[in-house]
Amino acid sequence: MLKSIDILIGLAVVMLAASMAVTVMTGLVNHLFNAQGRKLRQGIADLLRLINPNFDRIVADRIATAILTHPLIRDAEGRLGAVIHREELTKIILELASGSVPGFDEATRLQLKTALAADGIPDPAAALAQIRSHALELEKTHPDLANMARINLAILHSAESSFVGKINGWFDQTMDRVSHRFTMSTRFVTFACGLLLALGLQIDTVALVNRISVDEALRQSMSDEAARIVSESDLKTAQATDAFSSVVNQGYLTIPDYPKDLGRLADIRRLIGILLTSLLLSLGAPFWYGALNQLLQLRSKIAREDDSQRQRRQSEGSGEPESLLTPGSKSAAA
């Protein structure tokens, strides 16, 4: 039983280190392609088309892009921002329609202004001025209120309209769908990065399990490494390089020698093992960290039970029961 647990522990050690590397790769891909900002732009464009069905996709995308590249929302590199609050969205839409944001397309601004007028905001600039004035008054009279709470109250009192009702009614649901889309996209990227890593390093899960099962010294070394990893109080992406380097340096994984080892990928059994590895890596580093922790606890429990049973057997076999003595031996002893 302990051998099976040790094999799983060894597999989890390798998968955890590789998964942390995949996490870094996934984060880099998402950053390079501004994935979260793009998904948020799509969500805001969908919300705008709910507010005004007359907006076509191009106009909605232009407005959403202008919103997410607003100086208060865009990221440090000037790209699409990845986070926006409901109150910020309302105010920026009013700013865009009022013409106070330089560089915004005039034809698109007029379409946005017309849509707001149809939803109860005939003068976006005046509505925005009233919101700011009311928010300032609330700050004087209720300094204990959070800034977002003040802005929300100011919007509700100074710009009460069908437009604000639609924003407030649909914003949370829209953000839930944005989050879901981004999660699904990230899972796909994670699988792709895991497959790329497994192919590049030729990490064959089947061969790895077979190797661990026949090498007792390797199993012990991996158990020690697992205990060291779990002793860390927190799992951080910054540990990825150290964890992966440790796995390679200790010989748990070997770096292929290209182009000489390229031919090994022609083996269908190795490709199946690599595909299995990519599927396991897609589970993510938190999964493997938790699995490793539980496996170590299970191993410790089983080891204690084995020691207890061994000591019981030794104590039972150390003395000869009286019932096994013959009558003659009793009298002789007497």
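Which side chains meet in a salt bridge at 3.0 Å, N to O? They are those of Lys 166 and Asp 119, where a salt bridge is a side-chain nitrogen of Lys or Arg within 4 Å of a carboxyl oxygen of Asp or Glu. The model is predicted: local features need pLDDT of at least 70, side-chain atom pairs count only at pLDDT 80 or more, and totals for chains, interfaces and linings use all residues. Residues are numbered from 1 along each chain as its sequence is written, and side-chain values use heavy atoms, with hydrogens and water left out.

**Salt bridges**
- The whole structure holds 14 salt bridges.
- Lys 166 lies in helix H8 and Asp 119 in the loop between helix H5 (106-118) and helix H6 (124-141), so this pair ties together parts 47 residues apart in sequence; helices are DSSP runs of H or I, at least four residues, numbered from the N terminus.
- Asp 119 counts as buried at 9% relative accessibility (buried is under 20% relative accessible area, exposed over 50%, partly exposed in between, with a 1.4 Å probe and protein chains only).
- Glu 225 and Arg 228 pair at 2.7 Å, N to O; Glu 225 is buried at 6%, whereas Arg 228 is partly exposed at 34%.

**Helix H12**
- The 14 residues of H12 (residues 268-281) should span 20 Å at 1.5 Å a residue, and the end C-alpha atoms are 20 Å apart, which agrees; the expected span is 1.5 Å times one less than the number of residues.
- Ile 268, Arg 269 and Ile 272 of H12 are exposed.
- Arg 269 also forms a salt bridge with Asp 267 (3.6 Å, N to O).

Definitions and conventions: Helix = DSSP H or I, 4+ residues; strand = E, 2+ residues; numbered from the N terminus.
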